Amino acid sequence: MYDEADYIMLSALQHYQFCPRQCALIHIEQQWAENRFTAEGRVLHERADSSKSEWQGDVRIVRSLPLCSREHGLSGKADVVEFDRDGRVYPVEYKRGKPKSDRCDEVQLCAQALCLEEMLALRIDCGALYYGQKRRRKEVLFDAELRALTVEIIAKTHELLRDGVTPKATYAKKCDSCSLYSICLPKSCAGGRQVGRYLANVLKGES
Ligand code: SF4
């Protein structure tokens, strides 16, 4: 069980999976910058947040529901949670773009389900990711494999943020879409040799 002071944000899991350095820059060093991708994601979430909770037929749609878990040391919000009259609880997370080849969105949704299970003392079998670009839901099953992966990512993210050390930058293709690129400077900070090359280029006027 975690003390409330040691809770990490649900969003940190997504940041960790994208890049541990990005996670540390945001959640340890409190750095933030927005690019087109984060702005689009923010607008999509704001739209989901701005609508009121409502009934749609037999289903109660609750938006921006605060979540937490003492067992996993998490806090945050669910974009949408659907409650039906039979007691089924179904979290829905809004994402910009389209389904990804990795499982990072599924891990974030599963972490929300773990919070809801603890808060409501029930079992949640599945939820959905809604992708803005495709304008459709993808159902996600919270099976043993996804639950184990999610618990592993939660533990690793806690460890990173508890240690409080920002990992060194390693340039990769994903850096080109990272909103913290200009703060991180992955090509100039990746290591001594790259720094040397970067400085040499600066002196030659090539950077
Ligand atoms: S620019 Fe690259 S290394 Fe730096 S935080 Fe972003 S993804 Fe990580």
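Does Ser 64 count as buried or exposed, and at what relative accessibility? At 16% relative accessibility, Ser 64 counts as buried, since buried means under 20% relative accessible area, exposed over 50% and partly exposed in between, with a 1.4 Å probe and protein chains only.

## Model and confidence

This is a predicted model, in which local features need pLDDT of at least 70, side-chain atom pairs count only at pLDDT 80 or more, and totals for chains, interfaces and linings use all residues. Residues are numbered from 1 along each chain as its sequence is written, and side-chain values use heavy atoms, with hydrogens and water left out.

The pLDDT is the predictor's confidence in each residue, from 0 to 100. Its average over the chain is 89, and 86% of the residues score at least 70. Confidence is lowest in helix H8 (residues 192–204), with a mean of 55, and highest in H5, at 98.

## The chain as a whole

The chain holds eight helices and seven strands. These are DSSP runs numbered from the N terminus: helices (H or I) have at least four residues and strands (E) at least two. Of the 207 residues, 41% count as buried.

Contact means heavy atoms within 4.5 Å. Among contacts in the chain with a separation of 6 or more, 61% join residues 24 or more positions apart.

## Helix packing

Two packed helices are described by the angle between their axes and the distance between the axes. Axes are lines fitted to C-alpha atoms, for helices over the stretch in contact, and angles run from 0 to 180 degrees between N-to-C directions. Angles under 35 degrees count as roughly parallel, over 145 as roughly antiparallel, 65 to 115 as roughly perpendicular and the rest as oblique.

Helix H4 (residues 104–120) packs on helix H5 (residues 144–163) at about 90°, with the axes 9 Å apart. H4 and H5 are therefore roughly perpendicular to each other. Residues of H4 in the contact include Cys 110 and Leu 114, and those of H5 include Arg 147 and Ile 153. By class, this contact has nine nonpolar, one polar and three charged residues. Ala, Val, Leu, Ile, Met, Phe, Trp, Tyr, Cys and Pro count as nonpolar, Asp, Glu, Lys and Arg as charged, and the others, Gly among them, as polar.

Helix H1 (residues 10–18) and helix H2 (residues 20–27) have axes 5 Å apart, at an angle of about 140°. H1 and H2 are therefore oblique to each other. Ser 11, Ala 12, His 15, Tyr 16 and Phe 18 of H1 meet Pro 20, Gln 22, Cys 23, Ile 26 and His 27 of H2.

## Surroundings of the ligand

Around the ligand are Phe 18, Cys 19, Gln 22, Thr 170, Cys 175, Cys 178, Tyr 181, Cys 184 and Pro 186, where a residue is near a molecule or strand if one of its heavy atoms lies within 4 Å of it. This shell has seven nonpolar, two polar and no charged residues.

## Individual residues

Most residues other than glycine have a negative phi. Ser 64, in strand E3 (residues 59–69), has a positive phi of about 50° although it is not a glycine. Leu 185, also not a glycine, has a positive phi of about 50°. Leu 185 lies in the loop between helix H6 (181–184) and helix H7 (186–189), and at 37% relative accessibility Leu 185 counts as partly exposed.

Asp 84 is in strand E4 (residues 74–84). At 22% relative accessibility, Asp 84 counts as partly exposed. Leaving aside neighbours within four places in sequence, Asp 84 is in contact with Asp 58 and Val 59.
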